[in-house]
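Here's a quick tour of how two chains meet and how one of them is put together. Have the viewer open while you read.

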Amino acid sequence: MSIAMATFHFDLVSPEKLAFSGEVDQVDIPGVEGDFGVLAGHAPVVATIRPGILTVTAAGSQQKIVVLGGLAEVSDKGLTVLADVATALPELDVASFAETISSMEAKLPEKVGDELDRAIERLDHYKSIQHQISTTAMH
Amino acid sequence: MASLKDMRVRIASTKATQKITKAMQMVAASKLRRAQMAAEAARPYAEKMDAVISNIASAAAGPGAPVLLAGTGSDQVHLFLVCTGERGLSGAFNSSIVRLARERALALMNQGKQVKFFCVGRKGYEQLRRNFDKQIIENVELRSVRQLGFVNAEDIAAKVIARFNAGEFDVCTLFYSRFKSVISQIPTAQQIIPLVVEAPAANAGPATSYEYEPEEDEILAGLLPRNLAVQIFRALLENNASFYGAQMSAMDNATRNAGDMIRKQTLIYNRTRQAMITKELIEIISGAEAI
């Protein structure tokens, strides 16, 4: 594409650090009610995020970041994502992630009612992240 | 009067103490730097969280607002979440937090209110136990935690919310020490349940009208417990930085005091030694004259 795309400001913050800050072309966010992409000039929106993989496109290259739930806010100042945990995909410890999943599975029988539903949903999200990691790692 | 040997031993022991306090001061200084960085790294998240919450909260206020925001409508039972350090040797750090909590508690109890305590950190628990043993409902120790993580704060927040939902208290206040500078840490009380939302500044212009996905109240319901954890996390990090700051200045004082003491002791030691030499000389001379 010869025309340069408009960029916007994107901050990714987790309680422990500022994980990403800079001008980007596009960010794809795993929302609770479905994935959505944010481009410059997006309408103001506040959306909850499910555990999943967030894709940042900046200067022609893509960066994938694993976020475990949080909140996204688009305003005229740009996009802010408040992530519970944010880890860049190459830095993710696959072994400990698998361990988290198996410990979540082990805890399932203790839960009842709404809590059980939520735990199962969360577990599904985690598993789909794991699936995506293992398939993208092949190439 | 102490013999010269006793004095030498005392001086040596004071010197050993000085070495220890000096080492502790330097360790505290390097840990302080890391704690300060952690506190700063957590700031953007907390600020953004505040901004988003006050945005949504002003829209969702009114009847039907979540209880974490609106409160139970009563202020009869108070929960004090008192965060202190796990260790001492840090000057007045722990006791100034406890003192603030104790004063507030006594004031409330005089008004006929009920106060319960939730202690985070061993030192605060030990001090509060003396006055309010029966009122301490929970005690969390973070002694085994090497690096404070958000999970620690989440655990505490989950416990607080569980007790709130069980109707054990109406108002929750967080006590910690705000890190202002190395020499100044301010014990602070902050009400976290019901949440105090700052009104958006009047000159900020019209608030952006957001689309919400899912609905506002649903987002808010998920966000409020998170915010509680964030506030606690921030308090823990501030506390951590304050602790090392307080320890650093306490140990700096201790090192200086030890230096003064060594100087005084050495002076007395030298005087005594000279007096003894003079005495011996007099004895020898008068002995020689007698012959």
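Across the interface, 21 residues of chain A are in contact with 21 residues of chain B, contact being C-beta atoms, placed from the backbone, within 7 Å. On the chain A side, E5(A) gives the most, with four residues. By type, that side splits into eleven nonpolar, five polar and five charged residues. Here nonpolar is Ala, Val, Leu, Ile, Met, Phe, Trp, Tyr, Cys and Pro, charged is Asp, Glu, Lys and Arg, and the others, Gly among them, are polar. Helices (H or I, at least four residues) and strands (E, at least two) are DSSP runs numbered from the N terminus.

Keep in mind that this is a predicted model: local features need pLDDT of at least 70, side-chain atom pairs count only at pLDDT 80 or more, and totals for chains, interfaces and linings use all residues. Residues are numbered from 1 along each chain as its sequence is written, while chains are lettered from A and ligands numbered from 1 in the order in which they are written.

Strand pairing takes at least two DSSP bridges, and one pair spans both chains.

| Strand pair | Bridges | Facing residues |
|---|---|---|
| E5(A) and E6(B) (residues 211-213) | Three | Ala47(A) and Glu213(B) |
| E1(B) (residues 77-83) and E2(B) (residues 114-120) | Seven | Leu81(B) and Phe118(B) |

Chain B also holds an open sheet of five strands, ordered E3-E2-E1-E4-E5 with mixed pairing. E3 (136-140) and E5 (184-193) of chain B sit at the edges with a single partner strand each, so one side of each has no neighbour in the sheet. On average, neighbouring strands are turned by 20° against each other, direction ignored. H6(B) packs on this sheet, touching E1, E4 (171-181) and E5 of chain B, and its direction makes about 40° with that of E4(B). Axes are lines fitted to C-alpha atoms, for helices over the stretch in contact, with angles from 0 to 180 degrees between N-to-C directions.

H6(B) itself covers residues 216-290, and its 75 residues reach 109 Å from first C-alpha to last, close to the expected 111 Å (1.5 Å times one less than the number of residues). Where does H6(B) kink? At Leu223(B), by about 25°, shortly before Pro225(B); the bend is the angle between axes fitted to the seven residues ending there and the seven starting there.

Elsewhere in chain B, the axes of H3 (residues 93-110) and H4 (residues 122-132) come within 9 Å and cross at roughly 35°. Their contact residues divide into five nonpolar, five polar and two charged.

Note on methods. Contact = placed C-beta atoms within 7 Å.
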